[in-house]
Amino acid sequence: MSSGTEEPIPAARPVIGDEEIEAVVRVLRSGSVVQGPEVAAFEEGFSELVGGRHCVAVNSGTSALHLLLLALGIGPGDEVVVPSFSFAASANAVRLAGADVVFADIEPASFALDPRAVEAAVTPRTAAIMPVHLYGHPAPMGGLMSIAGKYGLAVVEDACQAHTAALGGTPVGAFGSGGAFSFYPTKNMHSLEGGMAVTADAEVARTLRLLRNQGMEQRYAHEIIGANLRMTDVSAAVGRVQLGKVLGWTGQRRANAAYLDRHITAANVTVPPVAEGAHHVYHQYTVRVRGDRDAAAAGLARAGVGSAVYYPTPIHRLKPYWEHDQKAGRTWDLPETDRAAAEVVSLPVHPALTRRDLDRIVAAVNSLGGSQ
């Protein structure tokens with residue numbers, strides 16, 4: 001229970017306002033509700049966030065990752081280097097494409113793939129690297145792109161949590177062979193549900209469009225084997241409204257994060273560092289808690305502060321991956337991944353927070369341990 005009579009502060013809060021509702025109603029009344037003008041306009045608008053790259057809207061971020069791998073020709077016999085400290089969708093997309101997942105450890109500060117671990121994981125079968133811009137912080141793309149160039153590897157960026165994030169002025173999603181974004185309701189912007197695959201290669205973009213639409217560009221002229229992974233115009237209409245708001249919301253997330261940075265002083269809590277040249281967009285404000293992290297999360301809940309653990313179980317320890325690797329006789333030594341999974345907890349940082357909310361979060365966190 002929260003202290004006093006104040007309402008609990010949610011860890012995340014999807015935004016669906018009057019403009020989004022009006023956009024949905026407009027599309028429903030138009031009669032054009034799937035893969036129509038709203039989707040095309042959403043793709044064009046999102047392109048401005050990723051350096052003008054081709055954008056192909058699909059039904060989820062997972063589909064965007066999956067189709068990018070297929071469009072790049074990655075499949076059976078190939079290996080893709082992926083962090084185990086991520087949402088399972090990152091690795092699931094690789095397995096869905098028929099390729100093998102090779103896990104590499106992360107940097108402790110950014111929670112993203114460690115280039116040294118990635119290079120050590122490269123084999124003659126390696127076809128791609130999948131950096132995850134976790135929590136909205138860019139992965140170390142300079143080192144990863146250097147490795148990709150050295151070994152001739154594709155780079156597929158999982159930017160599902162990192163809309164408008166950038167490194168050295170380059171937006172995430174615009175570094176590699178392709179990038180994937182998610183528009184799930186709790187992301188920094190959403191389209192109710194959906195995803196976007198982005199690429200600089202026009203032929204890859206055309207293949208993505210075929211793959212999402214049963215392999216056809218012209219009706220009934222099926223060129224390749226595809227599926228129905230289209231975005232609806234209803235979702236795209238919501239996404240277009242949110243495109244006009246995401247920069248403002250991101251600014252508020254960053255301001256909230258800066259306030260928490262300044263005021264959290266608990267000795268057993270480490271606030272999230274930001275790499276030089278990184279534009280962190282704080283999909284999550286993720287701290288490390290030394291000691292009993294789960295007890296700390298319970299203490300926050302008693303104080304009326306929502307929190308969440310992303311992610312308590314690394315992917316390589318999840319049943320379908322653990323069993324698969326056991327059969328293949330493979331084991332993974334990922335100490336930084338295991339340490340992060342035991343220590344992280346994400347605090348509210350969403351743009352709906354008030355100054356009172358922020359002060360309550362600070363007080364709850366500082367009560368977890370002595371001041372520094």
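Q: In this predicted model, which residue caps the N-terminal end of α3?
A: Serine 60 is the cap. One of its side-chain oxygens lies 3.4 Å from the backbone nitrogen of threonine 62.

Q: Is helix α3 enclosed or open to the outside?
A: Count its buried residues. Buried means under 20% relative accessible area. In α3 (residues 61-71), 9 of the 11 residues are buried, so the rest of the structure largely encloses this helix. Among them are Gly61, Ser63, His66 and Ala71. The run from Ala64 through Leu65 to His66, Leu67, Leu68 and Leu69 is buried too.

Q: What comes just after α3?
A: Glycine 73, with a positive phi of about 80°.

Q: How should I think about which way helix residues point?
A: An α-helix has 3.6 residues a turn, so residues three or four places apart point the same way.

Q: Which residues form the nonpolar patch on the surface?
A: Ile16, Ile21, Val25 and Leu192. Together they have about 310 Å² of accessible area. Valine 25 belongs to helix α1 (residues 18-30). Its relative accessibility is 32%, so valine 25 counts as partly exposed.

Q: In what order do the strands of the open sheet run?
A: The order is β7-β6-β11, 3 strands with antiparallel pairing. β7 (170-171) and β11 (278-279) are at the edges; each has a single partner strand, so one side of each lacks a neighbour in the sheet.

Q: How many bridges join β6 and β7?
A: Strand β6 (residues 166-167) pairs with β7 over 2 bridges, in the antiparallel sense. Leucine 167 has threonine 170 of β7 as its bridge partner.

Key. Residues are numbered from 1 along each chain as its sequence is written. This is a predicted model: local features need pLDDT of at least 70, side-chain atom pairs count only at pLDDT 80 or more; totals for chains, interfaces and linings use all residues. Side-chain values use heavy atoms; hydrogens and water are left out. Patches are made of residues with over 30% relative accessible area and no salt bridge: like charges are joined within 9 Å, nonpolar side chains (Val, Leu, Ile, Met, Phe, Trp, Tyr) within 5 Å. Accessible areas come from the Shrake-Rupley method with a 1.4 Å probe; for residues, only the protein chains shown count as cover. A salt bridge is a side-chain nitrogen of Lys or Arg within 4 Å of a carboxyl oxygen of Asp or Glu. Helices (H or I, at least four residues) and strands (E, at least two) are DSSP runs, numbered from the N terminus. Buried means under 20% relative accessible area, exposed over 50%, partly exposed in between (1.4 Å probe, protein chains only). A polar contact is a pair of N or O atoms within 3.5 Å; within protein, one must be able to donate a hydrogen and the other to accept it, and residues adjacent in sequence count only if both atoms are side-chain atoms. Two strands pair if DSSP finds at least two bridges between them.
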